[in-house]
Amino acid sequence: MRQATSLVHRYELTLREVLDDAMSVTYGEDWAEERLPLCGCEGLLGRWRSGGGDFVLEYADYHHYKKIMGHPEHFAELFEAGFEDREALIGLIEKAGNLRAPSHHARPFTTEDLRDLRTTWRLLEKGLAALDGHDDFFGDD
């Protein structure tokens, strides 16, 4: 569980940075104000406005990643470069979130779950790397 927690923290923090950078490059620095309402993430925007912080994704969770990256327009304009299928991307995000929950909330978490968590994040990493041509956003685990 300790390995899973460390892996998830590292990958999720980096996912937030990569996602924010990609959305900023594609839609501009004010992407959150303009794009989050379009993908049903008004609550995320509201939490950020009331709580402050460096960037909106500090308040995001897997539900938000799925809505942002899986939004048909966002997928077509940005994420399709690294992920062939929108539903497959959504499935990867859901799987990462489902594996995160037991590793962080003292529920049963097996070595197979850890293997699946690593594999899922590596698939996400591979797709995100194609967005910017980088080989490795997340570092070694």
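Biologist: Start anywhere you like. Is Asp-116 buried, partly exposed or exposed?
Modeller: Partly exposed, because its relative accessible area is 23%. Keep in mind that this is a predicted model.

Biologist: Which residue does Asp-116 form a salt bridge with?
Modeller: With Arg-115, and the closest N and O atoms are 3.1 Å apart. Arg-115 is also partly exposed, at 47% relative accessibility.

Biologist: How many salt bridges does the count come to?
Modeller: The count is 8. One of them pairs Arg-35 with Glu-73, with the closest N and O atoms 2.9 Å apart. That pair links distant parts of the chain, since Arg-35 is in helix H2 and Glu-73 is in helix H5, 38 residues apart.

Biologist: And are those two buried or partly exposed?
Modeller: Arg-35 is buried, with a relative accessible area of 9%, whereas Glu-73 is partly exposed at 33%. The charged end of Arg-35 also sits over the ring of Tyr-27, 4.3 Å from the ring's centre.

Biologist: What about Arg-122, which residue is its salt-bridge partner?
Modeller: Glu-125, with the closest N and O atoms 2.5 Å apart. Both are in helix H7, and they are separated by about one helical turn because they are 3 residues apart. Arg-122 is partly exposed at 31%, while Glu-125 counts as buried at 4%. Elsewhere, salt bridges that share partners join Glu-12, Arg-16 and Arg-100 into one network.

Biologist: Switching topic: which residues touch the most other members in the largest nonpolar core?
Modeller: That core has 39 residues, and the ones touching the most other members include Trp-31, Phe-83 and Trp-121. Several helices each supply at least two residues, among them H1, H4 and H7. H1 gives the largest share, 10 residues.

Biologist: What is Phe-83 in contact with, beyond its sequence neighbours?
Modeller: Leaving out anything within four places in sequence, its contacts include Met-69, Phe-75, Leu-92 and Leu-128.

Biologist: Okay, aromatics. How many aromatic pairs are there?
Modeller: The structure has 3.

Terms used:
Residues are numbered from 1 along each chain as its sequence is written. This is a predicted model: local features need pLDDT of at least 70, side-chain atom pairs count only at pLDDT 80 or more; totals for chains, interfaces and linings use all residues. Side-chain values use heavy atoms; hydrogens and water are left out. A nonpolar core is a set of buried Ala, Val, Leu, Ile, Met, Phe, Trp, Tyr and Cys residues joined through side-chain atoms within 4.5 Å. Buried means under 20% relative accessible area, exposed over 50%, partly exposed in between (1.4 Å probe, protein chains only). Helices (H or I, at least four residues) and strands (E, at least two) are DSSP runs, numbered from the N terminus. Contact means heavy atoms within 4.5 Å. Rings of Phe, Tyr and Trp (its six-membered ring) pair if their centres lie within 6.5 Å; planes under 30 degrees apart count as stacked, over 60 as edge-to-face and the rest as tilted. A charge sits over a ring if NZ of Lys or CZ of Arg is within 6 Å of the ring centre and within 35 degrees of the ring normal. A salt bridge is a side-chain nitrogen of Lys or Arg within 4 Å of a carboxyl oxygen of Asp or Glu.
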